[in-house]
Amino acid sequence: MPSCPTAAPAMPARATAARPLRAKSRAICTALAALAGSGFTLAGETPGSPEAPSMPKVEVVGTTLLPGSAVLLRRLPANAQIFPSEDFAAQDAHDVAGFLERNAGSVTLNAAQGNPYQADLIFRGFTASPVLGTPQGLSVFLDGVRINESFGDSVNWDLIPPSAISTVQLIPGSNPVFGLNTLGGAVAIYTKRGRLEYPDRPGGSVTASAGSFGRRAMEFETGARSGAWDLFAAGDFVSDEGWARHNSSLVRRAFAKLGWREGATDLELSVGGASNRLEGTQTLPTSFADIREPYTFPDANANRSEFVTLRGSHQLSPALLLSGLIYRRHFENRNFSSNVGIDDASTGATPAVNDSSTIDQRGTGFAVQLAHTGTLAARTNRLTLGLSVDDGRARYASATQPADFAPDRSTTALGPFAPDTDADTRTRYDGAYFSNALELDERWTLTLAGRFNRADVRIADRTGTAPQLNGSHRFRRFNPAVGLSYSPAPALTAYGSYNEGMRAPTAIELTCADPSAPCKLPNNFLADPPLRPVVSKTFEFGARGRPATGTSWSFAIFRTDLHDDLQFLSSGGAAINAGFFQNVGVTRRQGLELGARKRLGPVVLSAHYSLVDATYRTGFAENSPANSTADASGAIVVRRGDRIPGIPRHSMKLRVDVEAGPRWSGGIGALFASGVQARGDENNLDANGRLPGYAVVNLDLRYRIDARLSLFARIDNVFDRRYANFGVLGENFFTGPGQTFDAAGARAEQFRGYAAPRGAWIGVQYRFD
């Protein structure tokens, strides 16, 4: 296999319009090298030198989160997708979730919060969301550290600066090696490093952009290498007034990494943080003609985080690599929500209620791994053994305040805040895993893996008035995996795999599981019935090929059954975010993925099509009084085969990239998605029907003035399509004149989360050395 191509002179990301295609291959290549540890040699680094221990040159993919998990790419039994930093830069991406929606197969977004930095990312019907209480089905990692928050398993996409990203890997299935929450896949994000981005001399870039919705953005990155040491730093600032009223964003993020590589030892020390304020507009009833209006306001989240990670590896022998990491994270969320309070007994049945909550969370953890490359029965064998510990402690406090609505639907306080909940939680995830890849011959590879997970969740009341909250919950399970790949030629691979995963109920779910006492999200803690862990079982079969230079294709079919799936079931009524968590038996996500890429001279064509059939396989009854088919008590019956809300059955991405000479380049992309059921319409019979599907076109252009200065532009939703990608059933209490509050005239409606209208931005980048 060829090694990574030798680096071109250091050029920051957005100045790469005219960079040869090899820059992208090197970005992917170097990221895979980091995963493989010392099992990969970069061109220009002599084997046995301090820059690279002596090992064969091979093209590999990491199958665990630490260095040393080297498997030939053509022998990987999964339809993995890899996106390098050049792709983020070319499209002026300011958030990871939005980038993946535009480029990754089987990925869509839900705009439930009305803020672009708080979208729910859905992959193959599984969710990674910043919204507290959303059942999470994807695990997300930053440089090997799990960033699903220990309190609620939520994922805060706004905390990750895209300018620091080297690659994003999207790994499908229930691969148990990635630990808890890997029901439908894992998102592995790796950051840049000074010796790889700026190997020859110090350099960097400064980028500024402005445009629609009052958005102003500044971004920088810089790096250097000196002997065994290297440094990389990046950060950004985004101020956005929002495309709708009262959905502004203020985003501030920073990241730095210090690296040291000497002989057989490689170390990285990373630090970073963010301080963001994000407003949202909530979902809107369909009777609201202006989608820029808020339903009620204010609604805001203030997110703050800091982290430090030490990561490293040491080549014990030519066949044995020891690697590990240790980290500490702090995350704080302050939430303020305005809601209808007419049926909220805690406020004395006032028209409105303000809900306030704080999460103060600290997480620590470590992982250690031993990877051995050798022979078994005279055949190449790669064995990896590892263990990890993630310990998170959080204090959750919430309070409510009686309020009234002004004519513009803002809330006016009628009294002080009264505390609802004050509790400590501790979540500890322990895991021990193995992964083994045996090359049966030049064509066949057998992969076996497994992980034993133990999750402990403890809840302790701080007020002294709710001792019933105090308790401990433990969930344990061993999850296996097996895969077989067949590669009759280096450019062709067929594979099949089976794997299992697990998700433990979170403290939020364990205390909000009583249908007779629905919770609001962020919710009060109650002493509720126990919940069972979710177990996923995934089959996948597929093939991929590279029949010619610049041409590639992939095909996959999959089925994932969730046993004891946990769903948040809406209770309807005034508070459309009210409901409870319940094990609903078996649910299924199955489907088909097709992907293709073709280079025709200066033009690159790419396409992804996904079919995701997400259904309930066990019937159950739920309370959904806003559903038009509900009985007198507000109940509906969900039948086997009914579609799960919020998951498009069909989605497609098309993109054309063009390099028009040494100065001009650009791309145009189209996104298509079919309609979805609204939450609360789990029986698929509500009179409002499904939300309609949509098609959106996005455009990006770049012009390189000289070696240092470049201009770029971006247009989202070129044809200004009005569309929604999320829905929920509830009661609309703003039916009076001018959409003012009218409790007596409340009516059931479908509420929708709308995506942004057309927006355009221009920017400039200056690079230096």
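In which sense do strand 23 and strand 24 pair, and over how many bridges? Antiparallel, over 16 bridges. The legends below take this and other close-ups from a predicted model.

**View A. Strand 23 meets strand 24.** Here strand 24 covers residues 471–489 and pairs with strand 23 in the antiparallel sense. To find your bearings, look for Trp-444: its bridge partner is Tyr-486, in strand 24.

**View B. Strand 22 pairs with strand 23.** Strand 22 (residues 418–439) and strand 23 (residues 444–461) run antiparallel to each other, with 17 bridges between them. Four residues make up the hairpin that takes strand 22 into strand 23. Along the pairing, Thr-427 sits opposite Val-457 of strand 23. In a regular strand, side chains alternate between the sheet's two faces.

View C. Setting aside neighbours within four places in sequence, Trp-157 is in contact with Val-96, Ala-97, Tyr-117, Ala-119, Leu-121, Ala-128, Pro-130, Val-140 and Arg-253.

**View D. Thr-207 and its polar partner.** Thr-207 belongs to strand 11, which spans residues 203–211. With a relative accessible area of 4%, Thr-207 counts as buried because that value is under the 20% cut-off. Its side chain makes a polar contact with the side chain of Gln-765, at 3.5 Å.

How values were computed
Residues are numbered from 1 along each chain as its sequence is written. This is a predicted model: local features need pLDDT of at least 70, side-chain atom pairs count only at pLDDT 80 or more; totals for chains, interfaces and linings use all residues. Side-chain values use heavy atoms; hydrogens and water are left out. Contact means heavy atoms within 4.5 Å. Helices (H or I, at least four residues) and strands (E, at least two) are DSSP runs, numbered from the N terminus. Buried means under 20% relative accessible area, exposed over 50%, partly exposed in between (1.4 Å probe, protein chains only). A polar contact is a pair of N or O atoms within 3.5 Å; within protein, one must be able to donate a hydrogen and the other to accept it, and residues adjacent in sequence count only if both atoms are side-chain atoms. Two strands pair if DSSP finds at least two bridges between them.
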